[in-house]
Amino acid sequence: LAALANIMASIKEWKNEDIWQEVLGSAHLIFCTLASSGSSIIKKSVREVNDLIVDEAAACSEPEMYIPFQFRPERLLAVGDPKQLPATVLSRIAEGRGMSKSLHERLMFDCNH
């Protein structure tokens with residue numbers, strides 16, 4: 001019982017950020033949103049990834065898709081259906097400059113391949 005009390009006391013001293021850095025830094029697979037991939041704890045904990053899989057890639061704007069590129073993925077798999085929900089852009093100026101098109105859509109239809 002004393003050993004358990006010592007372990008519990010030790011755990012209480014751990015800092016939340018240190019725990020997250022250890023867990024994320026040693027992970028082989030991380031699921032997160034595009035926006036959360038830019039969070040400070042993930043940026044501190046993850047240096048690079050081999051594979052980047054983006055679900056609903058057709059529903060995000062092109063700049064959003066670039067957020068996780070800071071991890072220098074070797075490969076990208078963009079999954080999504082451009083015939084469903086388009087990228088959401090509230091600014092008319094951004095929309096006028098083509099930001100309402102997702103990178104997924106641009107790669108599928110604008111590359112002439």
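The biggest share of the nonpolar patch comes from helix α1, which gives four residues. Helices here are DSSP runs of H or I with at least four residues, strands are E runs of at least two, and both are numbered from the N terminus. Before I go on: this is a predicted model, where local features need pLDDT of at least 70, side-chain atom pairs count only at pLDDT 80 or more, and totals for chains, interfaces and linings use all residues. Residues are numbered from 1 along each chain as its sequence is written, and side-chain values use heavy atoms, with hydrogens and water left out.

Back to the patch. Its members are Leu1, Leu4, Ile7, Met8, Ile11, Trp14, Ile19, Trp20 and Val23. Together they have about 960 Å² of accessible area on the surface. Areas come from the Shrake-Rupley method with a 1.4 Å probe, and for residues only the protein chains shown count as cover. To join a patch, a residue needs over 30% relative accessible area and no salt bridge; like charges are joined within 9 Å, and nonpolar side chains (Val, Leu, Ile, Met, Phe, Trp, Tyr) within 5 Å. Two helices, α1 (2-13) and α2 (16-25), each supply at least two residues of this patch. Leu4, for one, sits in α1.

Next, the largest pocket. Its volume is about 710 Å³. The lining has 25 residues, and the closest to the centre are Ile30, Val49, Asp51, Leu52 and Ile53. How is a pocket found? On a 1 Å grid over the protein atoms alone, a pocket is an open set of points with protein on both sides within 12 Å along at least five of seven lines, whereas a cavity is a set where a 1.4 Å probe fits but cannot get out. Lining residues have an atom within 4 Å of a point. Points are joined across faces, edges and corners, and the volume is the space filled by probe spheres set on them. Which element gives the most to the lining of the largest pocket? That is β1, with four residues. At least two residues each come from α2, α3 (40-45) and β1 (51-54).

Now the charges. Side chains of opposite charge can pair when their charged atoms come close. Our rule for a salt bridge is a side-chain nitrogen of Lys or Arg within 4 Å of a carboxyl oxygen of Asp or Glu. That rule gives five salt bridges.

Take Lys44 and Glu17. Their closest N and O atoms are 3.0 Å apart. This pair links distant parts of the chain, with Lys44 in α3 and Glu17 in α2, 27 residues apart. Lys44 is partly exposed at 40% relative accessibility, and Glu17 is partly exposed at 37%. For these words, buried means under 20% relative accessible area, exposed means over 50%, and partly exposed is in between (1.4 Å probe, protein chains only).

Asp51 lies in β1 and Arg75 in β2 (residues 75-78), so the pair ties together parts 24 residues apart in sequence. Asp51 is partly exposed at 43%. Arg75 is partly exposed too, at 46%.

Glu62 and Arg106 also meet in a salt bridge, again 2.5 Å from N to O. Here Glu62 in α4 (residues 62-66) is linked to Arg106 in α6 (residues 103-109), 44 residues away. Glu62 is buried at 12%, while Arg106 is partly exposed at 25%. Salt bridges with shared partners also join Asp51, Glu74 and Arg75 into one network.

Last, the backbone. Most residues other than glycine have a negative phi. Glu56 has a positive phi of about 55°. Glu56 is in the loop between β1 and α4, partly exposed at 46%. Arg72 has a positive phi near 50°. Arg72 lies in the loop between α4 and β2 and is exposed at 62%.
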